[in-house]
Amino acid sequence: MELNEIIITRAIIDRFYTKLTDNLETDVAIVGGGPSGLIAGYFLAKAGKKVVMYERKLSIGGGMWGGGMMFNEIVVQKAALSILEEFGIRCHKYQENYYTSDSVEAISSITAGAMKAGLTIFNCMSMEDVMMRTDKVIGLVLNWSPVQMAGLHIDPLTVKSSFVIDATGHATEVVRVVHQKVPGKLKTPTGEIEGEKSMWSDRAETLTLENTREVFPGLYVAGMAANATFGGPRMGPIFGGMLLSGEKAAKEILKRL
Ligand code: 48H
């Protein structure tokens, strides 16, 4: 049978339109497709929740692809091994409490696992604002990343969700937007963004987990964004904290859905 270009085009438009309209109102909207966001999405979707992720870049995976300084291996401590196992990711015991995995295998397996569990991902889309009702985040304001990159003056569209997770990594973009709109109202010690501190792997890994919580009504932080919001240090290319943070964000939100 001869292939028809218009059917190919129609198939893409129809399917994408369905995916888009199916996700205008969700339980959870995750901004950022790095390891913490993907793990949060996986556990929420696995629990049967309607969960959608928006990632600015074409590729999903955030800072995990590059391992440490483009040496594409990651280190994971024992506490997070169960998460690697959940996705069938192979790991190598380097020494007691230090395990390594190929970063490409890790992020591609997590992405596939999360999608198969039910997570919907939109790539090339960026959060540029949030939707709020009297001091509560109730959704996201989105635009195509290429629109932002080109600096075009094109109005965004809006989606609604019961909870939003800021998993935008070091940039902490959702929290920054909220802070800009309602300064001094974050649930941090100062009400402001505390800011990421210098490298201290051990402390950072513990604090990442502690800092994974609601920072403003309706808005949770996970991964590096949690540390930057609450003033934790960075940890370098050890990823257990990111994985466990995603899991904790999902568990905390599940208690409230
Ligand atoms: C849509 C956005 C927007 C936006 C950003 O940086 P990530 O990998 O995030 P985490 O927290 O899951 O993982 C952090 C880890 O990769 C890391 O950097 C570590 C462990 N560093 C330690 C150290 O010492 O440096 O992913 C965040 C994702 C990226 O893909 C961005 O493109 C995306 O969020 N993003 N997506 N709308 N406004 N802002």
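The model is a predicted one, in which local features need pLDDT of at least 70 and side-chain atom pairs count only at pLDDT 80 or more, while totals for chains, interfaces and linings use all residues. I note that residues are numbered from 1 along each chain as its sequence is written, and that side-chain values use heavy atoms, with hydrogens and water left out.

I took rings of Phe, Tyr and Trp (its six-membered ring) to pair if their centres lie within 6.5 Å; planes under 30 degrees apart are stacked, over 60 edge-to-face, and the rest tilted. By this rule I recorded six aromatic pairs. Tyr42 and Phe43 are edge-to-face, because their ring centres are 4.9 Å apart and their planes stand at 75 degrees. I found both Tyr42 and Phe43 buried (under 20% relative accessible area, with a 1.4 Å probe and protein chains only).

I next examined Tyr54 and Phe122, a stacked pair with 5.7 Å centre to centre and 10 degrees between the planes. This pair links distant parts of the chain, 68 residues apart: Tyr54 lies in strand E2 (residues 51–55) and Phe122 in strand E6 (residues 120–123). Strands are DSSP runs of at least two residues, numbered from the N terminus. Tyr54 has 2% relative accessibility and therefore counts as buried; Phe122, at 2%, is also buried.

I then looked up charges over rings (NZ of Lys or CZ of Arg within 6 Å of the ring centre and within 35 degrees of the ring normal). The charged end of Lys136 sits over the ring of Phe163, 5.7 Å from its centre. Arg213 lies over the face of Phe230, 4.0 Å from the ring centre.

Notes:
Buried < 20%, exposed > 50% of the residue type's maximum accessible area, 1.4 Å probe, protein only. Helix = DSSP H or I, 4+ residues; strand = E, 2+ residues; numbered from the N terminus.
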